[in-house]
Amino acid sequence: MSPSTGTIDGEGKMTTLEQEAPTTEAEVSPAHTKPTQPVQQVQKPSGARTVGIVIAAALLVAIAYGLHLRSASENRLASATDDAAILSVDVVHPTAGSQAGDLALPGNVEAFTDTPIYSRTNGYLKKWYFDIGSHVHKGDLLAEVETPEVDQQLDQSRAELERMQANQDLAGVTSDRWQALLAKHAVSQQEADQTRSNYIAAQAAVHASDANVRRLEQLQSYERIIAPFDGVITARNTDVGDLIDAGSGSNNPRELFHLAAVHSLRVYVAVPEVDSDSIHNGDRATVTQDSNPDLKISGAIVRNADAIDHSTRTLNVEVDVDNSKGVLRPGAYVFVHFHLPAIGNSVTIPSNTLLFRAEGLRVGVVRNGRVQLVPVTIGQDFGSTVEITSGLTSADEVILDPPDSLASGMQVHPEAATMRGQS
């Protein structure tokens with residue numbers, strides 16, 4: 001047994017507590033041994049205090065969570081603001097190579113021979129035989145002109161020639177007689193020389209009168225308007241009974257017909273100065289026409305001006321084409337395709353990537369997330385695209401539609417875009 005100790009509770013009663021005493025294992029029986037613990041007095045908190053503590057804890061948690069949400073929102077807003085401050089740009093990769101192998105330029109078609117036909121004599125139009133669109137051959141009679149004045153002048157000139165020939169014959173006979181008398185010393189040398197001179201003058205008058213007759217005969221032959229070469233009548237500006245003035249006798253002569261040779265045609269092309277060194281006489285070219293997409297006519301470069309026009313900075317080139325089938329017309333608008341050698345290291349980019357700055361032509365390139373304005377050199381301008389001969393490679397990211405405010409060192413967000421204007 002263990003000694004007992006006592007305590008006095010709140011009512012003054014004595015409470016007896018057993019005090020453990022050390023025992024041995026032999027003395028303790030599992031059936032009869034019961035562990036005992038000291039009894040402590042626990043004072044429970046009141047209900048109001050517990051509720052206050054819970055509410056305070058909930059408020060602290062709510063405040064902490066609100067502060068966390070506000071901090072996260074501010075961080076997201078700052079991140080979004082920073083992202084919005086960075087410019088987003090569309091980029092493309094240049095296409096290796098160039099379209100310079102086919103240089104297409106507009107050309108004007110002209111007849112191989114094109115001439116207005118005037119009357120060489122004055123009169124009235126008697127008759128015309130061909131109208132516009134008629135194909136004629138060299139020597140064909142186009143029209144006839146009545147020239148009564150010329151006819152009368154020719155008759156008068158012929159009569160004058162006969163008179164001069166009679167005077168020549170008389171002067172010749174007289175000269176021969178005076179030469180015979182001079183041999184007999186019947187006349188003086190002076191008189192013989194005078195008759196000889198009269199004969200020579202009569203001969204000259206005959207020659208002059210004969211030349212005048214031939215002139216009027218030639219003028220009379222112009223009553224017949226003849227086609228000077230094979231071609232097509234493109235204009236007729238006269239009609240029967242029309243008063244005709246000679247082309248050389250008027251300040252503003254009116255052409256009777258306009259004749260064009262269309263069996264072969266000339267196509268004139270203005271080649272830019274940058275391509276002029278690639279154009280050589282004898283090279284082949286191909287002519288196409290928008291109104292006839294299936295039309296392709298082969299031609300040859302026959303000549304060029306060998307000088308750059310200072311106002312247009314172009315070289316005038318003539319390409320001759322065979323038009324025996326009549327598929328082209330003079331005055332038509334066509335495209336001439338020249339086959340030029342391509343530059344080995346060139347690339348092609350859209351035209352809307354170029355920046356025109358005071359320091360020269362530039363292209364915006366994205367490298368490591370930042371912009372670099374790279375100077376470039378243009379080879380060929382194809383309209384929607386341009387050939388770049390230096391400054392870019394096919395691995396560069398080129399900015400499409402760059403803003404004027406773009407500057408080197410700006411941070412950007414590149415976004416891939418398709419190659420605009422490329423097939």
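Helices (H or I, at least four residues) and strands (E, at least two) are DSSP runs, numbered from the N terminus. The model is predicted, so local features need pLDDT of at least 70, side-chain atom pairs count only at pLDDT 80 or more, and totals for chains, interfaces and linings use all residues. Residues are numbered from 1 along each chain as its sequence is written, and side-chain values use heavy atoms, with hydrogens and water left out.

Helix H1 spans residues 47-85 and contains isoleucine 63. This residue is exposed, at 52% relative accessibility (buried means under 20% relative accessible area, exposed over 50%, partly exposed in between; 1.4 Å probe, protein chains only).

Side chains of opposite charge can pair when their charged atoms come close. The structure holds 7 salt bridges (a side-chain nitrogen of Lys or Arg within 4 Å of a carboxyl oxygen of Asp or Glu). Arg266, Arg303 and Glu318 are linked in a network of such bridges. Glutamate 318 meets arginine 266 at 2.8 Å, N to O. Glutamate 318 lies in strand E15 (residues 314-322) and arginine 266 in strand E12 (residues 257-272), so the pair joins parts 52 residues apart in sequence. Glutamate 318 is buried, at 4%. Arginine 266 is also buried, at 17%. Arginine 303 bridges to glutamate 318, with the closest N and O atoms 2.8 Å apart. Arginine 303 is partly exposed, at 41%.

Another salt bridge joins arginine 367 and aspartate 396 (3.4 Å, N to O). Arginine 367 lies in strand E19 (residues 360-367) and aspartate 396 in the loop between strands E22 (385-390) and E23 (397-399), so parts 29 residues apart in sequence are tied together. Arginine 367 is partly exposed, at 32%. Aspartate 396 is buried, at 11%.
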